[in-house]
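Hi there,

Here is the structure I promised to pass on to you. My notes on it follow below, and I hope they are handy when you open it.

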Amino acid sequence: MNSPFVTVSGVAYRWPIRPVVVVCIDGGDPAYIERGLRDGIIPNIARFMREGFSAIAEGVVPSFTCPNNISLITGAPPSVHGISGNYYLDIATGEAVVMTGPELLRGRTILAEFAAAGAKVVSITAKDKLRQQLGKDLDLTRGNISFSSEKADRCTLRENGIENVLERVGMPLPDMYSMELSLFVLEAGIRLLESDRPDLMFLSLTDYIQHKHVPGDPVADDFYRRIDEKFGRLAGLGAVVALTADHGMNDKSTPDGKPNVIYLQDILDREFGAGDTRVICPITDAFVKHHGALGGFVRVWCLGGKATPAAIIDRIAHLPGIAAALDRETVCQLYDLPADREGDVAVIGETDAGIGAAAAEHDLSSLGDARLRSHGGAAEARVPFILSHPLREEYRQRAADAPLKSYRIFDYAINGVEVGP
Ligand code: ZN
Ligand code: ZN
C-alpha cells in the first residue's frame, strides 16, 4: 500500500500521479534558453514555458555542481545537507577533503525517502563523482536504479540496480569531454521511462559544453537542440518534466581573451607569509579541462596565526574583481551554509572575474585557446525553473510572492502541478 505522503526536510510530498522527471542542466545559464527561444531551436522548452510554468530561480551560492545537485534532491539548503562545495579543508588533519562522499551528506534525500515508501526511483548523472551522493540510502535491490554515464559500461545489479546499460540505451560509452556524456543521461532516462515507468527520476547533466561555448555558438545550439528533443520525448511519454540548472555560467576573461583571474593565495602569501593562510578552490574536481579549477568562489582558512579574518577582508575586499569578502558567520547566514565546513573568509568574484589559489597551482594550458567561462559566485546563481505542466493557484501565488529557490523543484513538480491521471 503506497503512503499518501512522503516528508523530507519538513516538506510533505504527495504520491506522484504520473512519473516526475527532474533534469538538472549543468551550467544551464538562463542565457542559453533566452537565445534558444529567440532562434527557435528549442520548441519543446518553449512549449513548456507557454503551457506550463517558467521562472528564474535562485540556486545555492557557491554556485557549484555538488551543493546545488544535493539541494535539488533534498529540497533543502546546504546548512541542512552539509554539502557546500566539491572540497573543504579538514582543519584537524590539514587535508583538503573531497566532498562527494555519501557520509558527508547529512539527512535524507527525496529520492531515498520515496524509494523507502515503495516508489520506483531512478537517478542518472553524467559524472560519476555525484553518483554516490545522489544514490545515498537508495535500496538498489528493489528496482531502483543509480548510475553515471561516465561508468555506464561497468554497471552491476548490486552497485547500480541495472546492467547492460550500453545495450539498453543503444549508445556507446561517451567521452568525458563530449556532449554525448549528457545526451546519454537523457537517452537512458527515456528508455527507462518507456520500460520501467519509474515514479521519480533525477537526471543530472554535465557543463562541459557551457564552459566552452557561448549561447548562440553552433556547438551550444546543437547541444540545446538535442536536449530539447529529448525533453519532448520525456513529456511525450506522459511525464511531468521539470527543468532547472545547478548554476549558470559567465565569461571570466580579459578583452584580449586571457583568463581574468585573481590569484588569492599569492596575494595573501605576500601579505602574511607563506603557509599562514590556505586558499581552497571548492570548484576543483578531477576534470579541470572545463575551467582550470578557476571559479567565482573560494574559501580561506587562517592557519598560522598572523592573518585574521578581519585583516584578510581588509586587505582584499576592495581589489578589482572581488565582489565580496565575508567572514564565516556572515557568509553562512547570507547563503544558508554549514558553518563547520566553511572557511574563515569566503571570497566571491565579480561576474567577469575568476578567483584562484596560487598561480602555480592552476594549469591553464588545459583550457587551450578557449576563453575562461566559469561559475561559483552569486552572479551564476540565477537558474531556469521550467515545468511542462501548469501550476495550481497556490503554487503560482507562492512563486510570485517570494524568491523562488531552485531546490523547491521537486516540491513544485510533485505537489504544485495540475495533473490528471
Ligand atoms: Zn555544474
Ligand atoms: Zn562547471
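**The zinc site**

In this predicted model, the zinc ion (ligand 2) is coordinated at 2.0 to 2.2 Å by D207 (OD), H211 (NE2) and H375 (NE2). Donors here are N, O and S atoms within 2.8 Å of the metal (3.2 Å for Na, K and Ca), and water is not among the atoms, so sites may look incomplete. Along the sequence, the donor residues of the zinc ion (ligand 2) follow the spacing D-x3-H-x163-H. H211 sits in helix α10 (residues 208-212) and H375 in the loop between β18 (373-374) and β19, so the pair ties together parts that are 164 residues apart in sequence. Helices (H or I, at least four residues) and strands (E, at least two) are DSSP runs, numbered from the N terminus. H211 is buried, at a relative accessible area of 1%, and H375 is buried too, at 2%. Buried means under 20% relative accessible area, exposed over 50%, partly exposed in between (1.4 Å probe, protein chains only). The zinc ion (ligand 1) lies 4.3 Å from the zinc ion (ligand 2).

**The sheet**

An open, mixed sheet is built from seven strands in the order β4-β19-β10-β3-β9-β7-β8. β4 (53-58) and β8 are at the edges with a single partner strand each, so one side of each has no neighbour in the sheet. From one strand to the next the twist averages 10°. β10 (residues 240-244) pairs with β19 (residues 382-387) in the antiparallel sense over three bridges; pairing requires at least two DSSP bridges between two strands. A242 is opposite L387 in β19.

Helix α3 (residues 65-74) packs on the sheet, touching β3 (20-24), β9 (200-204) and β10, and its direction makes about 170° with that of β9. Axes are lines fitted to C-alpha atoms, for helices over the stretch in contact, and angles run from 0 to 180 degrees between N-to-C directions.

**A buried serine**

S149 is in the loop between β8 (145-148) and α7 (157-160), and counts as buried at 0% relative accessibility. Beyond its neighbours within four places in sequence, S149 is in contact (heavy atoms within 4.5 Å) with residues including T125, L173 and F184.

**Conventions**

Residues are numbered from 1 along each chain as its sequence is written, while chains are lettered from A and ligands numbered from 1 in the order in which they are written. Local features need pLDDT of at least 70, side-chain atom pairs count only at pLDDT 80 or more, and totals for chains, interfaces and linings use all residues; side-chain values use heavy atoms, with hydrogens and water left out.

Best wishes
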